[in-house]
Amino acid sequence: MGLLRRAEPVGYEEFVAGRYREIVRFGVLLTGDGRLGEDLAQEGLIAAYRSWRRLGVPEGRPEAYVRQVMIRAAMRARRRRWRDEVPTGDLPDASRGGFADQSDLSVQVLASLRRLPADQRVVLVLRFWADASEAEVAQTLGVAVGTVKSRTSRALAALRASGLFAEASKETP
């Protein structure tokens with residue numbers, strides 16, 4: 001007797017094919033790391049797959065759902081003790097080009113974001129990359145609007161102190 005295989009949810013493959021790059025980019029910005037960003041994207045897409053019956057309908061919002069899962073996972077990850085490198089015996093032969101390799105400025109931005117605490121990094125990504133209002137960010141994270149404002153302020157102050165804004169303004173005519 002063969003194993004029964006469920007049919008692929010209608011529209012899921014098209015959603016992933018059309019939005020995968022942007023979802024991974026969102027993950028990279030949330031984590032400050034390309035591989036962790038891809039892991040975060042996979043976690044969100046797996047959750048969407050499991051809930052596709054509800055998300056795949058015309059009034060469903062699958063990308064919003066995936067982003068919410070990713071945000072929660074990124075916030076959970078900051079509570080873990082070990083977040084640094086994992087030792088390996090085999091080193092890769094060559095570096096894979098990814099999102100962070102697209103320009104010097106993106107490398108600087110990611111390096112600066114990586115140094116921020118996760119809660120500040122998530123707020124900046126939601127406010128300035130996802131273009132969410134302070135109220136929307138507060139609702140998404142389940143915090144007060146004042147908390148969003150203070151995290152944004154602290155994060156921007158840290159970025160200014162890192163010299164990122166001074167370098168970016170020199171390059172812009």
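**View 1. Burial across the protein chain.** In this predicted model, 35% of the 173 residues in the protein chain are buried. A residue counts as buried when its relative accessible area is under 20%. The accessible surface of the chain comes to about 11,700 Å². Carbon and sulfur atoms account for 52% of that surface.

View 2. The protein chain has nine helices and zero strands. Read along the sequence, the pattern is α-α-α-α-α-α-α-α-α. Now look at contacts between residues at least 6 apart in sequence. Of these, 63% join residues at least 24 apart.

**View 3. The span of helix 8.** Helix 8 covers residues 145-161, which makes 17 residues. At 1.5 Å a residue, helix 8 should span 24 Å.

View 4. Which residues of helix 8 are buried? They are Val148, Arg151, Thr152, Ala155, Leu156 and Leu159. Seen down the helix axis, the buried residues fall within an arc of 130°, so they line one face of helix 8. On the other side of helix 8, Arg154, Arg160 and Ala161 are exposed. Exposed here means a relative accessible area over 50%.

**View 5. Just after helix 8.** Follow the chain past the end of helix 8 to Gly163. Gly163 takes a positive phi of about 85°.

Methods:
Residues are numbered from 1 along each chain as its sequence is written. This is a predicted model: local features need pLDDT of at least 70, side-chain atom pairs count only at pLDDT 80 or more; totals for chains, interfaces and linings use all residues. Side-chain values use heavy atoms; hydrogens and water are left out. Helices (H or I, at least four residues) and strands (E, at least two) are DSSP runs, numbered from the N terminus. Buried means under 20% relative accessible area, exposed over 50%, partly exposed in between (1.4 Å probe, protein chains only). Contact means heavy atoms within 4.5 Å. Accessible areas come from the Shrake-Rupley method with a 1.4 Å probe; for residues, only the protein chains shown count as cover. The expected span of a helix is 1.5 Å times one less than its number of residues. The arc is that of the directions from the helix axis to the C-beta atoms.
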